[in-house]
Amino acid sequence: MGKGPEAFDVCVVGSGAAGGVMAKELCEAGAKVVMLEAGHAVPHHEFLSHAWPYELRYRGLRGEKQVPFYQGDVARSIAYSDCDDVTADRVRVVGGRTLHWNAVTLRYAPQDFREWSVQGIEEDWPLTYSELEPYYDRIEQMIGVCGNDDGLDILPAGKHYLPPIPWRCSEHVLHRATNAMGIPLIAVRKAVLTRPFDNRPPCHYCGHCMDGCDVGSIFTTPDCMLPKARATGNFTLRENALAREILLDREGLATGVSFIDTQSRQEQQVKAAIVVVCCSTVESARLLLNSRSPQHPNGLANSNGVVGRYLHGHLGSSISIYLDEFQGRKPFNQDGATDHVYVPRYNQLFGKHDYAGGWGFQVNYSGYMFPFQAHLLPGYGAAFKETVRKMQPGFLSFGTFGKVTSGSENYITVDRSRPDANGIPIPVMRFRFSDNDRALWKAAKQSMTEVCSHMKGRVFESFGSGPRGFASHEVGTIRMGNDPRTSVLNGYCQAREVKNLFVTDGSCFTTSSEKNPTLTIMALSLRAADYITAQRKKGEL
Amino acid sequence: MERRELLKIVALTALSPRLSALQEIACHSGSGSPRAAADAKLQFFTAGENAILDQLMEMIIPADPHSPGAHAANTSLFADLIVSTGDDALKKQWRDGISLMREEASRSSLAEVLQKAAANEADPRTELDRFFILLKRMTVDAYYTSEIGIHKDLAYDGNTYLPGFSGCTHAEHDE
């Protein structure tokens with residue numbers, strides 16, 4: 001008789017920001033944890049972050065630097081049906097998107113959890129900022145966040161930040177413009193180390209954050225959370241393990257996960273008393289929808305039809321300006337750590353508007369190696385070449401990250417007639433921006449143009465004809481909520497219909513503010529981990 | 001490039017997990033340097049097409065007292081690589097475009113044809129206009145990702161390991 005599947009206390013599916021927190025916390029609390037990750041690990045020495053373009057076959061123009069993070073057929077195995085200009089960013093690698101992010105870490109404000117109470121739109125979350133605040137404190141101190149307490153109600157702060165990153169010359173010029181408009185410009189808060197911390201070195205300011213940090217100065221799950229999980233002796237990582245469905249017993253409780261080993265294409269299983277899903281918004285919904293059973297014919301925990309629905313994220317536009325006062329200046333190294341400053345939401349300072357929500361600006365998140373103006377300037381020849389060169393030191397860019405409203409008409413479903421390379425039905429997205437989203441986008445564009453009008457330089461806008469999404473910040477498909485008719489999870493990320501199933505990635509968000517979601521994902525995961533540990537101690541799970 | 005297009009391209013070049021990404025991708029050291037020219041073998045363009053492209057690209061980004069131009073940076077060879085690994089529609093666009101340039105130049109000169117092609121850059125209407133957009137974009141991409149473009153022309157001094165970031169030290173930038 002063969003050996004049955006290995007048994008664990010907890011199975012965590014996904015190794016990104018949420019999964020890393022869950023694995024570390026639950027292992028340290030004594031649970032035997034198996035983590036299933038669809039991708040494999042990429043060691044630092046295989047990152048291409050410092051490769052020169054001319055060392056790459058296609059000079060980086062075909063995304064070669066990010067290829068290690070998009071393993072297998074993940075980029076191909078999704079369909080877009082009836083969509084505006086949106087894309088789901090589905091990374092597949094140990095560490096998930098923590099290997100491929102700019103590390104901006106912002107707390108939600110109290111009002112961001114109360115959209116219905118404050119603005120009369122959407123729904124309130126089933127928890128408040130006050131309840132999440134201790135977890136924001138803990139996670140910031142755990143991962144190392146640089147920045148300041150800026151005393152802003154719209155952007156609450158902790159008390160234990162690493163020193164902020166110094167500003168570039170262009171950011172001081174931007175500050176003149178924001179001062180003139182009466183809007184704030186602050187040092188960015190990022191999970192980037194500005195001094196040694198947690199046995200990791202400080203940033204070396206190469207500007208390649210999005211290409212993978214080859215020294216561990218940016219928070220990533222593999223550099224920060226998994227070593228701590230391993231140190232407990234309670235942690236097992238299964239790489240190349242693409243979850244196919246969550247297994248249930250006759251009572252409808254989760255008993256483990258069936259997965260496909262992507263190397264052998266063989267199906268395997270792990271048993272677990274608790275399953276925590278952390279695959280990211282699209283993939284988590286896909287997993288639950290593909291987990292059908294007699295008790296859950298429409299997918300796991302989906303008797304109300306909400307799993308997959310309320311898909312949303314951020315909308316964005318960008319603008320760049322080549323500042324006159326830097327024209328022809330001797331080039332100097334401005335790479336830095338991409339974002340050094342941030343413009344927090346400010347439209348609430350100027351009265352009511354015909355839309356709800358707001359936006360923030362991320363600044364200088366592109367590098368300085370390639371002269372983007374060369375694609376935007378007319379002409380050719382010696383004068384063109386000289387103009388491109390002289391403009392380059394004056395590059396300043398910023399982009400809007402704007403609130404998108406959540407609605408049940410936007411969703412992820414699965415297409416059972418279209419399996420991926422591993423035989424698992426692919427996700428299909430349906431998404432259209434709302435009238436509120438379009439009005440907000442229009443106002444954000446006008447504001448970006450106004451900011452540039454307070455600076456002297458050549459402006460190039462990249463607005464397009466409509467909002468674009470989701471800036472890799474998609475959320476909402478397995479939302480928590482107060483109303484069981486419109487939510488799947490309670491305030492502890494626990495599925496109402498399956499008490500030993502938890503979902504703690506961005507899919508659990510009730511609504512989205514304009515702020516980057518990762519810090520909130522990690523705080524929610526930390527809170528859910530504490531709850532699971534307490535419930536296990538009581539024998540409830 | 002729109003992110004959805006980038007993700008499609010990434011999908012097409014995704015690797016087997018058994019291979020080192022570095023081995024597969026970063027195997028063309030020096031392709032943007034002058035010494036690579038001697039070893040280059042055209043994969044799509046004919047020698048005649050390459051010669052025309054080389055001249056056109058050098059007109060778009062010429063050598064000047066500050067730095068070498070597109071010819072020294074072998075931009076036509078990079079174009080050959082990109083087009084040879086593109087789809088049939090792309091290959092046809094380039095072959096037809098070069099042919100059109102050659103035909104027009106037979107009645108005047110390449111320089112005059114390029115000028116004519118660039119005249120409607122803001123609002124391209126003809127095949128010639130549209131080919132100029134394609135040609136210029138490729139020249140820019142190839143040149144500014146080459147050793148010459150990055151180091152000699154732009155004198156970029158980043159992509160290194162700094163012990164700290166000094167930030168702005170200029171009093172005139174204080175608010």
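In chain B, residues 24 or more positions apart account for 63% of the contacts with a separation of 6 or more. The model is predicted. Chain B has eight helices and zero strands. In chain A, the points to check are a cis peptide bond at A:Gly469 and A:Phe470, a positive phi at A:Arg59 and another at A:Thr338.

**Chain B: fold and burial**
- The pattern along the sequence of chain B reads α-α-α-α-α-α-α-α.
- Chain B has 175 residues, and 33% of them count as buried.

**Chain A: cis peptide bond**
- The bond that joins A:Gly469 and A:Phe470 is cis, with omega about 0 degrees.
- A:Phe470 belongs to strand E16, which spans residues 468–475 of chain A.

**Chain A: positive phi at A:Arg59**
- A:Arg59 is not a glycine, yet its phi is positive, near 60 degrees.
- This residue sits in the loop between strand E2 (33–36) and strand E3 (79–83) of chain A.
- A:Arg59 counts as buried because it has 23 C-beta neighbours inside 10 Å, and the cut-off for buried is 20 or more.

**Chain A: positive phi at A:Thr338**
- A:Thr338 is also a residue other than glycine with a positive phi, here about 50 degrees.
- The loop that holds A:Thr338 runs between strand E9 (312–323) and strand E10 (341–343) of chain A.
- A:Thr338 has 25 other C-beta atoms within 10 Å, so A:Thr338 is buried.

Notes:
Residues are numbered from 1 along each chain as its sequence is written. Chains are lettered from A and ligands numbered from 1 in the order in which they are written. This is a predicted model: local features need pLDDT of at least 70, side-chain atom pairs count only at pLDDT 80 or more; totals for chains, interfaces and linings use all residues. Helices (H or I, at least four residues) and strands (E, at least two) are DSSP runs, numbered from the N terminus. A residue is buried if 20 or more other C-beta atoms lie within 10 Å of its own, exposed if 12 or fewer, and partly exposed in between; C-beta atoms are placed from the backbone. Two residues are in contact if their C-beta atoms, placed from the backbone, lie within 7 Å.
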